[in-house]
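Here is a short report on one protein model. Look at the fold first, then follow a few residues through it.

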Amino acid sequence: MSQMPDINDIGFLIKLIHDDIDRRLNDGLRTVDMTASQGAVLAFLRNRGEQPTDIRTVQSYLGIAHPTVCGLVRRLKAKGFLQIGIDPHDRRARILHMTPKGWEMFEQAPDGDDSTVEDLLLRGLKDEEIVELRRLLTLLHENVK
């Protein structure tokens, strides 16, 4: 018989936070026919602006498998949020470009914006607590790499 997770277990708390964020993002993005994972791809492209971005760069940044990124990109293209071009320097690489519909998504679904989630997470914390939290989370991330 499996043991119930302890609510004080740090790994379990991180999982609960992740699940709550994912649920909140998916609820907010549902109005524009998008998932949190698809929104993460577009948010990354938005943050890169006009800088050419290929699928492998998205894969590396999000830390997900190549077939998963390809599936997300394929669905975003089918929904009209992005276009896929060929890299003139490497014909094997595919360059991603957000369409006007992709850019408009950020205006229509502000709850899908990363800064909203961060504001929610950090509500009530003092500046020095935020600095310490970032330091500790970075250390945890390094520990599990």
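Helices (H or I, at least four residues) and strands (E, at least two) are DSSP runs, numbered from the N terminus. This is a predicted model, in which local features need pLDDT of at least 70 and side-chain atom pairs count only at pLDDT 80 or more, while totals for chains, interfaces and linings use all residues. Residues are numbered from 1 along each chain as its sequence is written, and side-chain values use heavy atoms, with hydrogens and water left out.

**The whole protein**

The protein has seven helices and three strands. Read from the N terminus, the order is α-α-β-α-α-β-β-α-α-α. Along the principal axes, the C-alpha atoms fill a box of roughly 50 × 40 × 30 Å.

The chain has 145 residues, and 26% of them are buried. Buried means under 20% relative accessible area, exposed means over 50%, and partly exposed lies in between (1.4 Å probe, protein chains only). The protein exposes about 10,300 Å², and carbon and sulfur atoms supply 54% of that area. Such areas come from the Shrake-Rupley method with a 1.4 Å probe; for residues, only the protein chains shown count as cover.

Contact means heavy atoms within 4.5 Å. Take the contacts between residues at least 6 apart in sequence: 45% of them join residues at least 24 apart.

Now the charges. Lys and Arg count as positive and Asp and Glu as negative, while His and the chain ends are not counted. Each charge is placed at NZ of Lys, CZ of Arg, CG of Asp or CD of Glu. The protein has 20 positive and 23 negative charges, and their mean positions are 8 Å apart.

**Two crossing helices**

How do the axes of helix 2 and helix 4 cross? Helix 2 covers residues 36–48 and helix 4 covers residues 66–78; their axes come within 10 Å and cross at roughly 85°. That makes the two helices roughly perpendicular. Axes here are lines fitted to C-alpha atoms, for helices over the stretch in contact, and angles run from 0 to 180 degrees between N-to-C directions. Angles under 35 degrees count as roughly parallel, over 145 as roughly antiparallel, 65 to 115 as roughly perpendicular and the rest as oblique.

Helix 2 brings Ser-37, Gln-38, Val-41 and Leu-42 to this meeting, and helix 4 brings Leu-72, Arg-75 and Leu-76.

Gln-38 sits in helix 2. Setting aside neighbours within four places in sequence, Gln-38 contacts Asp-33, Leu-72, Arg-75, Leu-76 and Lys-79. Asp-33 belongs to the loop between helix 1 (10–29) and helix 2. Its phi is near 55°, a positive value in a residue other than glycine.

Lys-77 is part of helix 4. Beyond residues up to four places away in sequence, Lys-77 touches Leu-82 and Ile-84. Lys-77 and Thr-99 are 22 residues apart along the chain, with their C-alpha atoms 9.1 Å apart.

Leu-82 lies in strand 2 (residues 82–87). Outside four places in sequence, its contacts include Leu-42, Leu-45, Val-73, Leu-76 and Lys-77. Leu-96, His-97, Met-98 and Thr-99 are also among them. Leu-82 and Leu-45 are 37 residues apart in sequence, and 9.7 Å apart from C-alpha to C-alpha.

Thr-138 lies in helix 7 (residues 127–144).

| Residue | Relative accessible area | Class |
|---|---|---|
| Gln-38 | 2% | buried |
| Lys-77 | 45% | partly exposed |
| Leu-82 | 2% | buried |
| Thr-138 | 47% | partly exposed |
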